[in-house]
Amino acid sequence: MIQLFHVCKAYGDEPPTLDDLSLEIGKGEFVWLTGPSGAGKTTLLKMLFCAEVPTSGQILVGGRNVQRLAAAGVPMLRRSIGVVFQDFKLLPHRTVLENVGYALEVLGASDREIEERAIRRLDQVGLRAKARALPKTLSGGEQQRVAIARALVNDPAILLADEPTGNLDPSLTDSILALIFDANARGTTVVVATHDHALLQRHQRRTITLAGGKLISDV
Amino acid sequence: MIFHVAWRLLRRAVINLWRTPLPSLVAVLTMSIALFLGAGFLAALSGARSLLHAWGAEASLTLYLANSATDAQGALLAERVRAGHPELTVQLVERTVALDRLRTDMRDLSSALDGISPSALPLTIELTPQAQMTSTELRKLAAELSRLPDVVDVEYGREWLDKLEELARALRAAGAAATALILGAAILVVANTIRLAVYARRDEIEIMKLVGATDSYVRMPFLLEGVLQGVAGALIALAGLFLVYRVLIPRAQAAFAFTAGAAIGPLLPSRLFALVAFGGAVGLLGSWLAVARFLRK
């Protein structure tokens, strides 16, 4: 599902953020992406949904070479990927329901379908009661859950999550992870970036470790 | 699917306008002023043209014959003109008739003409176009008739016509320049308003694109905002024009008799629709320029 061949990413004369990275993630796999801050986890995730382009090397997502995608192909690729951003990236002037439904809106779904599916996802993350609230009225943890609901609302083939439990207390962490594991069980390929070692210990899955942009281990 | 997506985008555009009332209002008012002045210039131009036509239609030519020409020679010449120009009403004014007319015109002072011989007046041929003639046609005809034997002068109000034509040309040029200038300003104002809106919502646009929105999907609400601003501006301009037509023009025509011949085209539904469509097009162009620049970055 995801293949990287000798991928490098460098900004100007700075040391490379990613350095000769090659790896493969199969369809339906669950992968932890870990490493210290500045290891290149977020940059790698950004390249997978075309928010960054590699300086060299090749990236294939769902069999498509992301560097060779035409401008019109990028939104199509993104529609098959759910992303949970570290800073949530919620639309500030839209309600929680509208934020979750936006991923369906761009697909051309009807208002009724958007509402039904978004409400279902909000129910799963425990925020149905706040469907009409604006993001700024929610706590950090609640905003994170809205971001997760939005990422999962259109049943994406791939789910990329950048520190999805970073703002959650332990009890919520497990319920959110349960949602992500559930999506994985339904066939979604999942890559979760985290530096929470306790989480990795508790839920042992394939773990890719980066440091200084290099692949340190893949176990 | 197309309809509910279109409806959703339109709804979004209206909400966005509602959220930024002041810049939107400024853009709408600028647009309405530009369209009002532009449409006003066009109407004034059409009025001036119709006034010129009205005055041109009243134009007549008078051929003054040499003193040596006899009534018989005058009659022959009149016949020749009539044969060559069936579009003209030709009337020979014999000297005695001319003197009688003069007496009538002078009314109480007509006694001053006592003792004056008809031979003191020139023999004239009066020509009136049966159909409306342009000033150019009138000028060409006068030049042709002035070459006829015994014709010493042709009178057709040349100076007056020249001035009118000059005025019409100046009006046309000024109208075109002012309209272009004002519309250019309106496009810039709309473009800047939309650019500000785009800039204020740049984070939102980034998020939209990250969840898979195409450039056209991101662009559409902004374009609709431009169109809505243009249409709203056009409707306000229409209200202004309606007032001018209903209140100002009837008063001007009552106050100035010389404008009686001027007929400004009526506010036909097709013209109203054209103005609204034009306003929408100007708004679309302005917003397109703003969004295209942003999305290229």
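**Cavities and interface**

Reply: A:R94, A:Y102, A:E105, B:R8, B:L9, B:R12, B:M208, B:Y217 and B:P221 line the second largest cavity. A cavity here is a set of points on a 1 Å grid, over the protein atoms alone, where a 1.4 Å probe fits but cannot get out; lining residues have an atom within 4 Å of a point. This is a predicted model: local features need pLDDT of at least 70, side-chain atom pairs count only at pLDDT 80 or more, and totals for chains, interfaces and linings use all residues. Residues are numbered from 1 along each chain as its sequence is written, chains are lettered from A in the order in which they are written, and side-chain values use heavy atoms, without hydrogens and water.

Me: Which element gives the largest share of the lining of the second largest cavity?

Reply: α3 of chain A and α1 (2-19) and α8 (215-255) of chain B each supply at least two residues. Elements are DSSP runs: helices (H or I, at least four residues) and strands (E, at least two). The largest share, 3 residues, comes from α1(B).

Me: What area is buried between chain A and chain B?

Reply: Buried area is the accessible area (1.4 Å probe) that two parts lose on being put together, summed over both. Carbon and sulfur atoms give 57% of a total of about 1900 Å².

Me: Which residue of chain A meets B:R8 in a salt bridge?

Reply: A salt bridge puts a side-chain nitrogen of Lys or Arg within 4 Å of a carboxyl oxygen of Asp or Glu. The rule finds 4 across the interface. In one of them, at 2.9 Å, N to O, the partner of B:R8 is A:D111.

Notes
1 Å grid on protein atoms, 1.4 Å probe; cavity = no way out; pocket = protein on both sides within 12 Å on 5 of 7 lines; lining within 4 Å.
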